[in-house]
Amino acid sequence: MDFSQVELTAEQQAFEKEIRDLLSTSWTPNYAHIALDHDRSPDSVRLAMAKRGWVHPELSEGEGGAGLGEIEQEIITALFEEFYIANNANNSLLIPTLEQHGSAWLKENILPGIRTGELTTCLGYSEPDNGSDIAAAKTRAVQDGDVWVINGQKMWTTWGNESDYVFLLARTGPIEEKHRTLTMFLVPMDAPGVEATPVWILGGGRTNVTFYSDVTISDNYRIGPVNEGWSVMSTPLATEHGAGVVTEGVVPINGSMGAGFSRTFEKLIDGAIDWAASRKGADGRSRLEDPLVRLALAEAMLDLEVCWNAEGELGKPMAAEALAANADRLADMAAPEGILDFGVDGSIAAGIIASERQHAPGSAIYGGTTEIYRNNLARRLGLPRPY
Amino acid sequence: MTTTLRRNDYALSDEQDQLVAMLRSLFSEQSPISVVRDAEPLGFDEKLWATVRENGLLTISLPDSVGGDGGGLIELVLMGFEIGRAAAPVPLLDHVVAMRALGRLVDSGVELGSFNWESGLAGETIVSIAPISTWELGAELVPSGAVARAVIGFKDDAIVLMTRDSRAPQAPNDGGSPLAWWDPSDPAVQVTTLLAGEQAAQLWDLTHREWRIATASSLVGILASSGEIARAYAVERQAFGVRIAQFQAISHDLVDMHMDELTSRNMTLKAAWLTENEPEFRPELASMAMAQATRAVLRSTAKAVHVHGGMGITLEADVSLFYRKASSWSLVGGGVRRDLQDIGRAIDRRAGERARWHENNAIVKG
C-alpha cells in the first residue's frame, strides 16, 4: 500500500512548467469545457501538443511520441484538467489495434499521423438497429477484386464530421453468423460516398449519423483478416472499458472512462464551490457557510471520492451514475439559478451545472450502457448468464 | 501552483496477507454464526474475548513504546474486515482505538489517574470510546459501553476518561450490540480530565478519525459476508424454471452490492494509510470512509435480505442477522450526517484553493 506524493525530478518539474506555459499561452480556461472525458481538445492545443509528441507521450520519439512515462502522462492529464481542456484524441484506442492488425501499407502511411495525433479518428460500431449488441451490425462490405465496396449506416459517430478516419465494423458474410462474419476497416472520412449528418444531443453537443453509399476503398484499409473483426475490435474496446487496468503507480484505478467522468465531476464541484463563494445569503454571510449548501457539497465530494476508489470496470458505471445524480443534486442546491443556461447572467459558474445535468445521462450510455457493464461484472462474480 | 501526483497502490504486503489469512481462519473457527447468535442479546462472548487476548490481537496495533507489537492502523483495519465478516461479538476495535489514544497520552507524559494500563493492555479491563461526546454534552450512548469499564471521551474541550466499577446496563437495540448509556453526572461514573487545550483537540480529532476508520472496516466485513450469502442463494434458488441470479433484476443488485463492498474497502484502506502516514493530508478521508461504509452496509444488507424473498426476513436466516448488525454497528457514531458535517473541512480547503487559482488565472464565463 502506498498513497504518498511523488517527488518530481528536476526534469519532470521542468516538463510541468513547459506544458503549463504552453497551455496558459495557447488557451483560456472556459467553464463550458467540462466534459473532459468526452470532448475533443481544441485543434490549436492538439496540434501544438502533436508537434512535441505529447498527444501520445508514452510512445517513443521515433514513433511520434515523446518517450515519456506514467508520471509525465499524469502531469499532462492533471494540467489539462486544471485548464479545462478536454483530452480526448481517441487514437489511443486505435493505435494498439493498428500495430497488431494493420496492413503494411496502413502502418507505413497512416499509423504515423495517428500516433502523433495530427490525424484524428472516430468509431463506427453502432447502427440504427443495434447499440450495445454490436455483433448485429448490418453495414456491408463486399470485395470486388482489389477493392471493397461499403454500404450502410452508422449511428453515434461522434467527431465523424471532423475526423480524418473512421474505424468501421462491417459485415462480410451471412448476417446469421453474427460475430463470425465481421471485418474491420479504416475508412477515410473524405472518401466519396461518406456523409456525416448531425444529431444534436442533450447538453448542446453534436454526434452524427454517418451514411456509406458505394464507398470504394482499397484492400489496404482492411484491418486484420476477413471475418476476424470481432477479435480485432476487442483490442481497443478492452482499453475503453478499462479492463485489466491494474497499477501500482499514480494512474487512477477507476479505468479510463471512470477517471474521465470523475474529472468532469470534479469540475462540477469546483463550479458549485465558485458559485457558493460568490453568493451571500440574507444574513450577509457567504453561501459557503449555509448548512444546506454544505450538506449538498459534502455529499457530492463523498460521491467523488467513492468514484476514485472504484477499481477497473466498476469505475465507469459508478462515475457515470454519480455524475448524473450529483448534477441533479447541485442544480437543486443552487435552485433556481442552477437551471440557467451557459453564459446567462446569474447562472451557476456560467451554467456549468445546468450544462452538465444535460450532458450526464449520455455518460451512462456511450461506450457501453451501465447495464452492459453490470452484466460483465456479474459474470466476473461467477453469476450465470442472464435469462 | 504546481501539479502534485500521488500513488494509488492498494495492495497488501505479503505479511499483511498472512495476517488476514490468520485472522480469517481464527474467526471462522472460533466465531461461527452459532457463537454470534448465542452471544445475543448482549453481543459479547467472554470465551471469544479470551481467545482474542490469548492470540495477541489486542497489542498488534499498539506501539512498542507502550508495550505493543508496533503495528498500526492498517493492521487494525485488517482485523476489522475479519471481525465484520464473522460479525464477531468482541469489542476489539473500540478497545484498541481507545488504547491507542491512551498510549499517545502516556507517550506524551500524561498521567492516566487510577486507570491500570497493564490491565487494559491485557484486555482484562475493556476500554471504549464515546464518539458522540464530540458534539453532545451529558449522557450519551457509548459503543461497547455495556462491557467497558473505562471510556475515553471529549468534554468541555478536554479529553476525559470515564470509569466505573460495575458494568453499565445495556441499552437494548436492534442489532444486539453492547450499547450503553454513560452519564458523567451518574455517581457510578468517575470522570478524570486527562488533557485540555489545543493539543487535546488535535489528539481527539485523530482518535475520532481512527475510530471511524476502524468501524468502517468492520462494516466492510459485513458487506463481504452478506454479499457472499446473497450470491450463493441467488445461484442456488430456482424460480420460473431458472436460477434467480439469471434475472438481471437480481444480478444487477448483486453487482451493486459488490461495488459497495469494494469501494468501501478501498476507501477504508486509503484513509487508514494516509491517517497513519500523513495525518495532516485530507483529514476528511476518515469520515468519507465511514459515511460510505455506513450507507453501503445499510442499503446492501437490505438488498441481501430482499434477494432471499420471504426467507430473508426470517430470524433464522443468516442474512437477517447481518442486516440487524449493519445498523447497530454503523450508526453508533452519530450517523452519516455527522460524517458529512466533518467532510465540510474539505469544502473550506477546496474553496481556498479555488480562490488562489482564480487570482492567477482568467476563466471564460460565457
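In what order do the 4 strands of the open sheet of chain B stand? In this predicted model, in which local features need pLDDT of at least 70, side-chain atom pairs count only at pLDDT 80 or more, and totals for chains, interfaces and linings use all residues, side-chain values use heavy atoms, with hydrogens and water left out. Residues are numbered from 1 along each chain as its sequence is written, while chains are lettered from A and ligands numbered from 1 in the order in which they are written.

The order in the open sheet of chain B is β1-β3-β4-β6, with mixed pairing; strands here are DSSP runs of E of at least two residues and helices are runs of H or I of at least four, both numbered from the N terminus, and two strands pair if DSSP finds at least two bridges between them. The edges are formed by β1 (127-129) and β6 (190-196) of chain B, each of which pairs on one side only, and the twist from one strand to the next averages 25°. Strand β4 (residues 158-163) of chain B runs antiparallel to β6(B) and is joined to β6(B) by 6 bridges, with Ala196(B) in β6(B) as the bridge partner of Ala158(B). Across β1, β3 (150-155), β4 and β6 of chain B lies helix α5 (residues 92-107) of chain B, which runs at about 90° to β1(B); axes are lines fitted to C-alpha atoms, for helices over the stretch in contact, and angles run from 0 to 180 degrees between N-to-C directions. Strands of a sheet pair through backbone hydrogen bonds, either parallel or antiparallel.

In chain A, several antiparallel pairings were examined. Strand β6 (residues 194-200) of chain A is joined by 7 bridges to strand β7 (residues 206-218) of chain A, the two running antiparallel, and Val194(A) has Tyr212(A) in β7(A) as its bridge partner. The hairpin of β6(A) and β7(A) has 5 residues between the strands, and in this hairpin Gly203(A) takes a positive phi near 95°. Strand β2 (residues 140-144) of chain A pairs with strand β3 (residues 147-154) of chain A in the antiparallel sense over 5 bridges, Gln143(A) having Trp148(A) in β3(A) as its bridge partner. These strands, β2(A) and β3(A), form a hairpin with 2 residues between them, and Gly145(A) in the turn has a positive phi of about 65°. Antiparallel pairing over 7 bridges also links β3(A) and β7(A), where Trp148(A) stands opposite Ile217(A) in β7(A).

Of the area that chain A buries against chain B, 15% is supplied by Met1(A), Phe3(A) and Leu302(A), more than by any other three residues. The contact (heavy atoms within 4.5 Å) takes 63 residues from chain A and 63 residues from chain B. Across the interface, 9 salt bridges are found, a salt bridge being a side-chain nitrogen of Lys or Arg within 4 Å of a carboxyl oxygen of Asp or Glu; one of them joins the side chains of Arg295(B) and Asp303(A), at 2.5 Å from N to O. On the side of chain A that touches chain B, α1 (10-26), α3 (70-82), α8 (255-278), α9 (291-308) and α12 (370-380) of chain A each supply at least two residues, and the largest share, 11 residues, comes from α9(A).

Over all chains, 53 salt bridges are found in the whole structure. Within chain A, Glu99(A) forms a salt bridge with Arg115(A), their closest N and O atoms being 2.9 Å apart; the pair links Glu99(A) in helix α4 (residues 91-101) with Arg115(A) in helix α6 (residues 111-116) of chain A, 16 residues apart.

Most residues other than glycine have a negative phi, and most peptide bonds are trans. A cis peptide bond, with omega about 0°, joins Ala335(A) and Pro336(A), and Pro336(A) is found in the loop between α10 (315-333) and α11 (352-363) of chain A. In chain B, the peptide bond from Glu40(B) to Pro41(B) is cis, with omega near 10°, Pro41(B) being placed in the loop between α2 (33-38) and α3 (46-54) of chain B. Ser144(B), although not a glycine, has a positive phi of about 60°, and Ser144(B) is in the loop between β2 (140-142) and β3 of chain B.

Notes: Buried area is the accessible area (1.4 Å probe) that two parts lose on being put together, summed over both.
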